[in-house]
Amino acid sequence: MQLLKNYIQEHGTVLTDGVLKVDAFLNHAVDPKLMTEIGREFARRFSQEPITKIITLESSGIAPALMTSIELGCDFVFARKRKSLTMTDRLYSSQVYSFTKQQYSEISISKDFITASDHVLIIDDFLANGQAALGLIDIVHQAGASVAGIGIVIEKSFQSGRNKLIEKGYRVESLARIASLEKQKVAFVQEKTI
Ligand code: G4P
Ligand code: NA
Ligand code: NA
């Protein structure tokens, strides 16, 4: 998605440890025009799927996931990282390992908001090692629902997440794929334009 790549080049910063800072439009400030276009692009790519629900993980997945749900006209729910005071219901939960923090955290969705009849599109802001996506997939399966695919705003293709998901048979659609962040520069994966 060329508009997103332009935003990354113009407003993104490469941090020394191979992490891309995009606080200016995705992880802190959120650019509404860009998010609208991101929603349209995910909706276009998954238009052939009978999606009933979009799920993501709080907090940075919420904006792109919500915009996509508006475009597709489907339901939307985000998984919680910490149980809220009002989450007294029964939950589907999964343990997600963070390589950067080197610890597990629990993510949860109420059984009220995902059911066996759902066909679920998973959306997230970043794909690194794939642990968040795998945790969300686990929750979808616990509910007896099906996975339509995984939509990622920014994929770090030099990390293992994409291949893990593809090997398990999931469709992964990433709007920007980063081949390298070496020498403080963003290099995108070269893709055929259609
Ligand atoms: P890992 O797969 O590389 O181990 O990453 P980890 O799960 O530890 O991810 C920790 C957080 O960092 C996640 O956000 C993830 O989306 C984000 N992240 C991973 N790589 C990058 C990167 O290159 N740039 C940016 N900006 N973020 C990255 P989170 O903690 O869930 O936070 P949020 O959703 O509230 O923003
Ligand atoms: Na994030
Ligand atoms: Na995230």
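Q: Why is Lys183 called exposed?
A: In this predicted model, the relative accessible area of Lys183 is 78%. Exposed means over 50%, buried means under 20%, and partly exposed is in between (1.4 Å probe, protein chains only). Since 78% is over 50%, Lys183 is therefore exposed. Lys183 sits in the loop between E9 and strand E10 (187-188), and has a positive phi of about 55 degrees although it is not a glycine.

Q: What makes Gln102 count as exposed?
A: Gln102 has 61% relative accessibility, so it counts as exposed. Its place is in the loop between E5 and E6. Gln102, which is not a glycine, has a positive phi of about 50 degrees.

Q: How do you know that Gly169 is exposed?
A: The relative accessible area of Gly169 is 62%, which is why it is called exposed. Gly169 lies in the loop between helix H5 (161-167) and strand E9 (172-180). Helices (H or I, at least four residues) and strands (E, at least two) are DSSP runs, numbered from the N terminus.

Q: What makes the protein chain as compact as a globular protein of its length?
A: With five helices and 10 strands in the protein chain, its radius of gyration is 16 Å, close to the 16 Å that the globule rule gives for 194 residues, so the chain is as compact as a globular protein of that length. The radius is taken over C-alpha atoms, and the rule is 2.2 Å times the number of residues to the power 0.38. Buried residues make up 49% of the 194 residues.

Q: What is joined by a cis peptide bond, and what is its omega?
A: The bond joins Glu58 and Ser59, with omega about 0 degrees. Ser59 is in the loop between strand E3 (53-57) and helix H3 (62-72).

Q: Which residues lie nearest the centre of the largest pocket?
A: They are Ser98, Thr100, Lys101, Phe126 and Ala128, among 38 lining residues. On a 1 Å grid over the protein atoms alone, a pocket is an open set of points where a 1.4 Å probe fits, with protein on both sides within 12 Å along at least five of seven lines; lining residues have an atom within 4 Å of a point.

Q: How are the residues and chains labelled, and what limits apply?
A: Residues are numbered from 1 along each chain as its sequence is written, while chains are lettered from A and ligands numbered from 1 in the order in which they are written. Local features need pLDDT of at least 70, side-chain atom pairs count only at pLDDT 80 or more, and totals for chains, interfaces and linings use all residues, while side-chain values use heavy atoms, leaving out hydrogens and water.
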